[in-house]
Amino acid sequence: MLYRYNGKDNIEMLPSYNYEDLGGLEKDLEDLLANNLADLYSEDGQLMPIFRERNWQSEPDLCALDKDGNLIIFELKRALVPGDTTIQVMRYCQDYGQKSYFELAKLYNTYTGNDDLREAHAEAFGLDNPLQIEEFNRKQKLVVIGSSVDSYLMDAIDYWRHSGIDIDYIPYRFYKIQGETYFEFFAKPYDYHINVADTKGILFDTNKTYGPNDIWDMFKNSKVSAYGSVKTCVKSFNKGDYVLYYHKGYGVVGAGIVKSSKAKENKAKEELYLDVELLTPVVSCEDDLEYVTVAELRELLNKNFFWAKTTKVPYLSVEESKKVIDFLLAKYNI
């Protein structure tokens with residue numbers, strides 16, 4: 001719950017809303033979760049969406065994989081639900097828990113157009129080698145996401161969990177505060193995230209897949225940029241944050257400090273960017289890049305990252321950022 005703090009020992013509970021109250025459709029709630037799964041789940045709980053329900057089909061709302069290839073089946077409810085919801089989601093578990101890797105890969109292709117689930121999974125989680133086919137879908141977990149006031153559903157899930165079923169309930173809430181709408185979601189077990197208001201470091205993708213020369217533009221003009229539909233992700237930075245440039249196939253190849261939180265726009269390129277004080281050399285070709293590999297990052301920081309987005313998560317503390325930068329500067333002989 002969210003409370004207004006009125007000073008000393010006085011707090012006031014704020015009213016909350018479910019998605020139906022806001023006029024949202026269940027499909028919209030699926031979009032919200034699927035598109036932000038990497039932000040909602042922190043380090044060891046990161047999940048890779050592989051399939052979403054299609055119209056007029058009896059399918060789970062969302063299926064995802066964890067880094068070990070286990071299948072996570074989500075059922076999303078925008079409002080109070082009938083009592084057979086847990087039976088429904090367990091039926092999905094029975095059906096989808098028996099699917100082979102090839103059946104999961106076909107679902108993934110339907111969802112993304114990508115026909116190589118093993119490689120995509122390895123890339124998303126930064127694995128040194130893709131999982132073997134038989135390692136996928138060894139275990140399943142059921143997650144129901146619903147209104148925080150649906151006590152009947154919570155009790156039903158508690159019953160099945162105590163009966164040995166791997167099922168969990170995650171409540172969501174919406175709040176309206178001074179004309180703006182806020183979303184609350186508690187990713188278990190601890191929902192740990194670095195406070196985005198604090199100085200932090202972000203591993204930021206150079207857009208090599210879609211703009212192979214964007215990195216040289218960023219280095220030459222001392223900036224960090226994002227493009228098209230994801231361009232607003234540069235607003236994740238505050239003044240003083242560290243940007244760690246991640247170049248696909250290499251690793252962290254450069255670093256800088258963000259000079260201003262005010263984003264600038266290049267409409268011709270559908271680009272938003274922030275000015276940066278570069279801490280590493282201005283490089284103009286891949287042959288001259290030095291880099292910290294994914295494996296080196298994992299060893300250096302003892303962290304796992306989710307790579308399938310522009311801003312890689314989790315974010316880094318100041319100390320972690322400096323550790324990576326010092327390691328990279330040594331490679332550049334600086």
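Select lysine 223, which is buried, with a relative accessible area of 7%. Buried means under 20% relative accessible area, exposed means over 50%, and partly exposed is in between (1.4 Å probe, protein chains only). A salt bridge here is a side-chain nitrogen of Lys or Arg within 4 Å of a carboxyl oxygen of Asp or Glu. Aspartate 217 is partly exposed, at a relative accessible area of 21%.

A word on the model before the next stop. This is a predicted model, in which residues are numbered from 1 along each chain as its sequence is written, local features need pLDDT of at least 70, and side-chain atom pairs count only at pLDDT 80 or more, while totals for chains, interfaces and linings use all residues. Side-chain values use heavy atoms, with hydrogens and water left out.

Select aspartate 275 and lysine 264. Their side chains meet in a salt bridge of 2.6 Å, N to O. This pair links distant parts of the chain, 11 residues apart: aspartate 275 is in strand S14 (residues 271-278) and lysine 264 is in strand S13 (residues 264-266). Helices (H or I, at least four residues) and strands (E, at least two) are DSSP runs, numbered from the N terminus. Both partners have some accessible surface to look at: aspartate 275 counts as partly exposed at 24% relative accessibility, and lysine 264 counts as partly exposed at 38%.

Next, select Asp214, Asp217, Lys223, Lys269 and Glu271 together. Salt bridges that share partners join these residues into one network.

How many salt bridges does the count come to by this rule? The count comes to 21 salt bridges. One more to select is the pair lysine 312 and aspartate 205, whose side chains meet at 2.9 Å, N to O. Lysine 312 lies in the loop between H8 and H9 and aspartate 205 in strand S9 (residues 201-205), so the pair ties together parts that are 107 residues apart in sequence.

The peptide bond from valine 313 to proline 314 is cis, with omega near 5 degrees.

Now show helix H8 (residues 294-301) and helix H9 (residues 318-331). They pack at an angle of about 135 degrees, with their axes 11 Å apart. Axes are lines fitted to C-alpha atoms, for helices over the stretch in contact, and angles run from 0 to 180 degrees between N-to-C directions. H8 and H9 are therefore oblique to each other. Angles under 35 degrees count as roughly parallel, over 145 as roughly antiparallel, 65 to 115 as roughly perpendicular, and the rest as oblique.

**Two asparagines with positive phi**

Select asparagine 137, in the loop between helix H5 (117-125) and strand S6 (140-147). Asparagine 137 has a positive phi of about 65 degrees although it is not a glycine. Asparagine 137 is buried, with a relative accessible area of 6%.

Move to asparagine 207, found in the loop between S9 and helix H7 (214-220). Phi of asparagine 207 is near 70 degrees, again a positive value in a residue other than glycine. At 18% relative accessibility, asparagine 207 counts as buried.

**Residues apart in sequence**

Select serine 16, in the loop between S2 and helix H1 (26-35). Serine 16 counts as partly exposed at 25% relative accessibility.

Then select methionine 154 in helix H6 (residues 151-162). Methionine 154 is partly exposed, with a relative accessible area of 25%. Its C-alpha atom and that of valine 144, 10 residues apart along the chain, are separated by 9.3 Å.
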